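Visitor: Please show me the model, and let us then discuss how parts of it are arranged.

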Amino acid sequence: MAFAAEARGLPDAAMSLSWALPFAGLLLSIATGPLLFHHVWEHHYGKIAAGWAALAIIPLMVAFGVPVAGEAVLHTLLTEYMSFIILLFALYTISGGILVAGNIHGTPLVNAGLLLVGAMLASVIGTTGASMILIRPMLRANDNRQFNAHVVIFFIFLVSNIGGSLTPLGDPPLFVGFLRGVDFFWTTANLWRETLFTGGLVLLVFLAIDIMLHRREGGAPKIKDPTPDTKVRLRGLANLPLLAGVIAAILLSAAWKPGVTFSILGVGLELQNLVRDAIILALAGLSLVFSLKSHREANGFTWGPIAEVAKLFAGIFICIVPVIAILRAGHDGALAPLLALVTSPTGQPNDLAYFWLTGGLSSFLDNAPTYLVFFELAGGDARHLMTEAASTLAAISAGAVFMGANTYIGNAPNFMVYAIARHRGVKMPGFFGYMAWSGLVLIPIFLIAGFLFFG
């Protein structure tokens with residue numbers, strides 16, 4: 001399957017880095033907007049994204065003609081963006097109808113168990129879905145504890161990021177990889193060791209810290225529990241087969257290749273992908289019909305987060321068109337120095353460099369477009385990357401997913417969880433305070449994992 005960069009009419013080797021400015025500007029806006037100009041961003045993020053997209057499209061049209069630029073952008077929107085946002089919409093909608101009601105006491109073992117369950121769910125219903133389902137039960141379980149901010153921080157580490165590394169459903173960059181031709185279960189077979197090692201170490205560190213803080217709380221005055229323990233029940237069970245249906249639809253599109261293609265304004269759309277997206281949309285519609293409104297209200301479900309993702313990613317997918325075109329030029333393109341950083345003196349890919357560069361950028365930029373950049377930098381051929389260069393694709397995938405946990409803005413659920421926790425009265429650390437936690441806990445673990453698996 002082709003991607004945005006396959007704008008075949010664009011003269012990739014002749015394009016300068018100035019064509020990447022709209023992409024860089026949009027990612028910088030996403031990274032700093034919620035922090036530096038929150039109110040402006042909250043009300044106008046869609047207009048800001050559209051402005052950067054226009055700065056990418058209009059110069060392309062002027063320089064290379066409307067047909068060439070139009071085909072490149074339309075190809076991206078119809079073949080990649082629509083499938084991408086349909087999946088996120090469905091997972092968000094269906095998971096929003098699942099309610100974990102009741103409350104349990106947040107002891108260290110209970111908390112570790114919830115984190116483990118959440119991390120496992122993240123690869124099935126996505127990091128956003130798992131985070132939205134479990135963050136409120138986690139907060140209720142710990143709302144009578146003196147120290148509870150660390151519970152939310154490790155929740156972001158494990159449930160909102162690392163746990164989503166085993167399937168394309170787990171995290172947006174992996175689904176983008178699936179759309180680019182990576183087999184559905186490739187990440188399961190090739191990242192389970194890295195995920196088990198990294199997630200297991202993070203969970204052990206959490207358990208040690210939580211046991212220490214729980215013991216320290218033993219000598220302090222007791223805080224009255226605002227949500228006394230009650231029997232835990234799972235509501236909205238009708239949504240579980242709908243989630244299974246989403247997985248089945250994706251597997252169907254990967255296995256069924258009828259060879260039928262429809263052309264829309266010169267862009268070819270394969271039948272199996274159209275059927276997949278239609279089924280996924282229908283399943284989301286069924287969730288809205290059969291889920292009780294009270295369950296969604298109890299989950300704090302709103303359309304705001306998915307609307308924001310849809311608008312911002314439309315801008316990202318458009319702005320990345322010239323960037324991927326430049327990357328396709330390889331050593332002949334303007335991004336040749338970046339290619340040199342991830343290439344050893346013998347000409348072979350430097351997997352450790354791919355892991356850290358992908359992860360470092362994913363910490364501050366959105367991890368899906370970052371994954372795309374390095375996927376293309378590694379050649380962009382899914383078959384080659386899944387076989388001869390499997391270790392390189394694993395390094396890119398692990399870096400994008402794992403290191404989205406390094407900051408509040410590294411992955412979409414991070415800031416959502418942070419906002420929910422603050423609203424519920426948890427004294428969360430600020431942007432740099434959170435980075436202190438990730439620096440002390442995650443970076444040493446990533447250093448060990450990097451040398452162990454990619455060194």
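Visitor: At what angle do the axes of helix 5 and helix 18 cross?

Guide: This is a predicted model, in which local features need pLDDT of at least 70, side-chain atom pairs count only at pLDDT 80 or more, and totals for chains, interfaces and linings use all residues. Residues are numbered from 1 along each chain as its sequence is written, and side-chain values use heavy atoms, with hydrogens and water left out. Helices are DSSP runs (H or I, at least four residues), numbered from the N terminus; axes are lines fitted to C-alpha atoms over the stretch in contact, with angles from 0 to 180 degrees between N-to-C directions. The axes of helix 5 (residues 149–158) and helix 18 (residues 431–453) come within 11 Å, and their crossing angle is roughly 65 degrees.

Visitor: How many residues of the contact of helix 5 with helix 18 are nonpolar?

Guide: Contact means heavy atoms within 4.5 Å. Helix 5 contributes His150, Ile153, Phe154, Ile156 and Phe157, while helix 18 contributes Tyr434, Trp437, Ser438, Val441 and Leu442. With Ala, Val, Leu, Ile, Met, Phe, Trp, Tyr, Cys and Pro counted as nonpolar, Asp, Glu, Lys and Arg as charged and the others, Gly among them, as polar, the division is no charged, two polar and eight nonpolar.

Visitor: Is Ser363 buried or exposed?

Guide: Ser363 belongs to helix 13 (residues 351–364). Buried means under 20% relative accessible area, exposed over 50%, and partly exposed in between (1.4 Å probe, protein chains only). Because its relative accessibility is 3%, Ser363 is classed as buried.

Terms used:
Helix = DSSP H or I, 4+ residues; strand = E, 2+ residues; numbered from the N terminus.
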